[in-house]
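Dear colleague,

Please look through it first; my findings follow below.

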Amino acid sequence: MGSMIQNHEVSRPLHHLRLKEMQPLALFVHCFNHSLNLALQDTMKGLPAAREALKWVNDVGVIVHRSPKRKHALDQLRATFDEQGGPGPSSICPTRWTVPVRSIEGLLSSYLSVLTFLCDLSEQNTTEIIEDGKRVNISTKARGLHDQLEKGGVYFTILALRDVFSPCEELSKTLQSPSYTVSGAKQAVNLTLQKFKRMRSSDDHFETLWAEMEAAKEKYNLTEPTLPRCRNPPAQNEYNPSHTSAAHQFNAAKDKIRKEYFELLDLAISEINSRFDQDDFNKLQMMETALLTHPNDWGSDSKNIEDLLESYGFNVRKLKCNLDLMTKNPCKQATRNTTVGVVENRRVDAPDEGYNTPLIYCPLTRKDTKTYVEMLTFIKQLCIQACGVEPQPKTVLLDFEVPMHNTFRAVFQNAGVKACRFHLSQSLQRNLKTPELRNAFLRTGRHTPEVQQFKRNNTILQRF
């Protein structure tokens, strides 16, 4: 379902509340990729400098692609400056915040061409309908974009956005995979957060981006980053002691840009972590862990998983027993020294409220009495270890294999052995197609009372 979180609290729409009333055990889990998209959207809302830089990247793509003539002019400039390696500027989807990397890389790979293109366009006098049905002077807009993009501080902000959105785009692809699991999604999110934390832990990554900005400043003739103009407090606050403290003054523009860079990382980490650290999300992950892993691998969450399973009506002891049986190899003694042979699958079922629940699967490499005896002996020991009771079956349902019948009669002497009706019907259908049996069946008559009684009376089949 869609994600609606305000101030780190879940705001549930009416239909979610109705579903919760109908089924109190239902889990309210947001779409993972939608949650990531909203986390990045909230990150940009909290940082005006980053939000404006991303808007300028989008505006360049809009101006270029709104006119084939302007696109052709930019392509010619890219060919002149040998900047045809990248995708070129493009607009950004306003609702998909996880895929702006292509637009950012397209602008960075054509930066000199874009600056020249905007400078040439600003000298023209072009007006067209471009934004919300309003007439916009393209020359004025191009002049404003050129003035912003030629600043070194803006170039650094675009580099920082590239390095923040790139891991998020890879994470988005992972979250949209049809084969991902809840635990896998959480692990992918944690890996992305760890990468951001490594970028945040020292100044190494910041210094790398700063050096890249310095090289671009020399290459594209960008202006040096500067501090904003110092503003004096309003006169009406002169007599209010709480309002007289001056704002923090940075010694250099690099210090201010470093602070904004770390704020971008901190806010991205906080927003992503808050979106994926939800109670129902954690419950869904514990439920998946309980059903797909061995109880010994539940780790420190074992008590929480047991409480969750009990709240959903699971028999935790029975589930642990079944999971334990599924991870063991009941026929390991029979297959220990076997390297070749055809695998024969055997299954042990347990009736539960009218249904047969598979308890044990035994892949065997031989179909002889010795192998079957070792298999049944191991199963008896396994049941004693798991449940403390030696199995005493009343009825055993088998196919028409003589060694298997003899083995069960020898190991479980008090059990009645029955043959499978499905295998009997299969054998009849298959053998009645042979000429000998088919002619004999036709000679006796398929509509004789004996044949009709054989079809109706199930007690006759019990002797098989």
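Is Y220 buried or exposed? Y220 is buried, as its relative accessible area is 9%, which falls under the 20% limit for that class. Please bear in mind throughout that this is a predicted model.

Aromatic pairs

Aromatic pairs in this model number 15. One of them joins Y155 and Y220, whose ring centres are 6.3 Å apart. The planes of these two rings stand at 55° to each other, and the pair is therefore tilted: an angle over 60 degrees would have made it edge-to-face, and one under 30 degrees stacked.

F206 is buried at 0% relative accessibility, and Y261 is buried at 3%. Both residues also take part in a cluster, in which ring pairs join F156, F206, W210, Y261 and F262.

Surface patch

On the surface, L291, L292 and F314 make up a nonpolar patch, and together they have about 300 Å² of accessible area. F314 is located in the loop between α13 (302-311) and α14 (316-326). With a relative accessible area of 35%, F314 is classed as partly exposed, because this class covers values between 20% and 50%.

Positive phi values in loops

D82 has a phi near 55°, which is positive although the residue is not a glycine. D82 sits in the loop between α4 (68-80) and α5 (101-109), and its relative accessible area of 67% makes it exposed. N221, again a residue other than glycine, has a positive phi near 60°. N221 lies in the loop between α10 and α11 and is exposed, at 65% relative accessibility.

With kind regards

How values were computed:
Residues numbered from 1 in each chain as written. Predicted model: local features only at pLDDT ≥ 70, side-chain atom pairs only at ≥ 80, totals over all residues. Heavy atoms only, no water. Phe/Tyr/Trp six-rings, centres within 6.5 Å; stacked < 30°, edge-to-face > 60°. Buried < 20%, exposed > 50% of the residue type's maximum accessible area, 1.4 Å probe, protein only. Patch = residues over 30% accessible without salt bridge, like charges linked within 9 Å, V, L, I, M, F, W, Y side chains within 5 Å. Areas by Shrake-Rupley, 256 points an atom, 1.4 Å probe, with all protein chains shown as cover. Salt bridge = Lys/Arg side-chain N within 4 Å of Asp/Glu carboxyl O. Helix = DSSP H or I, 4+ residues; strand = E, 2+ residues; numbered from the N terminus.
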